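Here are some exercises to work through with the structure open beside you. Try each task before reading its solution.

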Amino acid sequence: MKAAAESLAKQGVFIGTSSWKYPGWQGQLYEHDRYVWRGKFSKTRFEQLCLTEYSEVFKTVCVDAAYYKFPDSRYLDLLANGVPNDFLFGLKVTDEITIKRFSNLPRFGLRAGTPNENFLNADLFESAFLGPCEAFKQKIGVLLLEFSKFHYRDYESGRAFAADLDLFLSQLPRGWPYAVEIRNRLFLHKDYFAVLNRHNVAHVINSWADMPPADEQMALEGSRTNPELCAARFLLKPGRGYEESVKLFAPYDAIKDPNPSARAAGAALIRKGIAAGPQGKTFIFVNNRLEGNALNTIAAMIEQAGDYLNPNSE
């Protein structure tokens, strides 16, 4: 896996996992003895240090933590110092920017069920998110704007969302690798893709409960909106919810439900990324909740991709 990930990264294809702090990967990716303290496995030690061991194999990872709070320079510094120079992060943009109405989750407290006054606030995004990231820009491969599923009261049509997104993207500083992920299948239309194309922003191909399979998204006309940046996240099997996936797959130490369609899509993205050349970048992130173990899913995608090694690299 290490040699394959390194070879692919040199060709512009970065493949890794969605988050990395999974004790179930001990014996596969992580050495148990590294995280033993006073004779016992230390969860705290593991979570603080395992990124370094992760980066000995993979060249990218999707940082989910940035979705829940704006990152500060201390946190970003810890990330950057834990990986080698050729490692690139995918950062999920904080949901303070991408949620239109707060759900009833306990973490939202008194804001639960209320409109978010900071939805698509470009000034806040620039100051609170891009500001801390500026010093670490060379370590950021893609910024993922994840929009949870909108309901009818949020947007009566995908065109209305596309219009708001257009305005937001027009206000953002250039020079950052932006990508947009949506969870409304009916919003995957020409107006949405046209907005992304106009601003040179990538559409995130995403395998998710309520979305079309990844291969169907890839086949949509106009879905490749940035010729130099491709992003994909293989998160859930279409039709299977998050909670169901957690119950089925935890502790994520083995494949329990192979997904041939997702594997084939991942392999196709690898091949397309190589064909595009190293001047462009492709980011593929795989979650444990797709099949049960992201490490083995990635291995299967790479194997199915075939001759991924660049014959000119030797």
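**Exercise 1: the largest cavity**

Helix H3 gives the largest share of the lining of the largest cavity, three residues. Before going on, note that this is a predicted model, in which local features need pLDDT of at least 70, side-chain atom pairs count only at pLDDT 80 or more, and totals for chains, interfaces and linings use all residues. Residues are numbered from 1 along each chain as its sequence is written, and side-chain values use heavy atoms, with hydrogens and water left out.

Task: find which residues line the largest cavity and how they divide by class.

Solution.
- Step 1. Settle the terms: on a 1 Å grid over the protein atoms alone, a cavity is a set of points where a 1.4 Å probe fits but cannot get out, a pocket is an open set with protein on both sides within 12 Å along at least five of seven lines, and lining residues have an atom within 4 Å of a point.
- Step 2. Searching the whole structure gives one cavity of 30 Å³ or more. The volume of the largest cavity is about 40 Å³, where a volume is the space filled by probe spheres set on grid points joined across faces, edges and corners.
- Step 3. Its lining consists of Leu 76, Leu 79, Ala 80, Phe 89, Leu 91, Phe 136, Lys 139 and Ile 140. At least two of the lining residues come from each of helix H3 (73–81) and strand E5 (88–92); helices (H or I, at least four residues) and strands (E, at least two) are DSSP runs, numbered from the N terminus.
- Step 4. By class there are seven nonpolar, no polar and one charged. Ala, Val, Leu, Ile, Met, Phe, Trp, Tyr, Cys and Pro count as nonpolar, Asp, Glu, Lys and Arg as charged, and the others, Gly among them, as polar.

**Exercise 2: the largest pocket**

Task: work out which residues lie nearest the centre of the largest pocket.

Solution.
- Step 1. The largest pocket has a volume of about 990 Å³.
- Step 2. Of its 34 lining residues, Tyr 67, Glu 146, Ser 148, Arg 183 and Trp 208 lie nearest the centre.
- Step 3. This lining has 13 nonpolar, seven polar and 14 charged residues.

**Exercise 3: strand E10**

Task: explain why strand E10 is largely enclosed, and find the strands that pair with E10.

Solution.
- Step 1. Five of the six residues of E10 (residues 281–286) are buried, so the rest of the structure largely encloses this strand. Buried means under 20% relative accessible area, exposed over 50%, and partly exposed in between (1.4 Å probe, protein chains only).
- Step 2. Strand E1 (residues 13–18) pairs with E10 in the parallel sense over five bridges; two strands pair if DSSP finds at least two bridges between them. Thr 17 has Val 286 in E10 as its bridge partner.
- Step 3. Strand E9 (residues 229–234) also runs parallel to E10, over six bridges. Here Ala 231 is partnered by Phe 283.

**Exercise 4: a residue of helix H12**

Task: is Gln 304 buried or partly exposed, and which residues does Gln 304 touch?

Solution.
- Step 1. Gln 304 lies in helix H12 (residues 294–305).
- Step 2. With a relative accessible area of 41%, Gln 304 is partly exposed.
- Step 3. Not counting residues up to four places away in sequence, Gln 304 touches Arg 263, Ala 264, Ala 267 and Arg 271, contact meaning heavy atoms within 4.5 Å.
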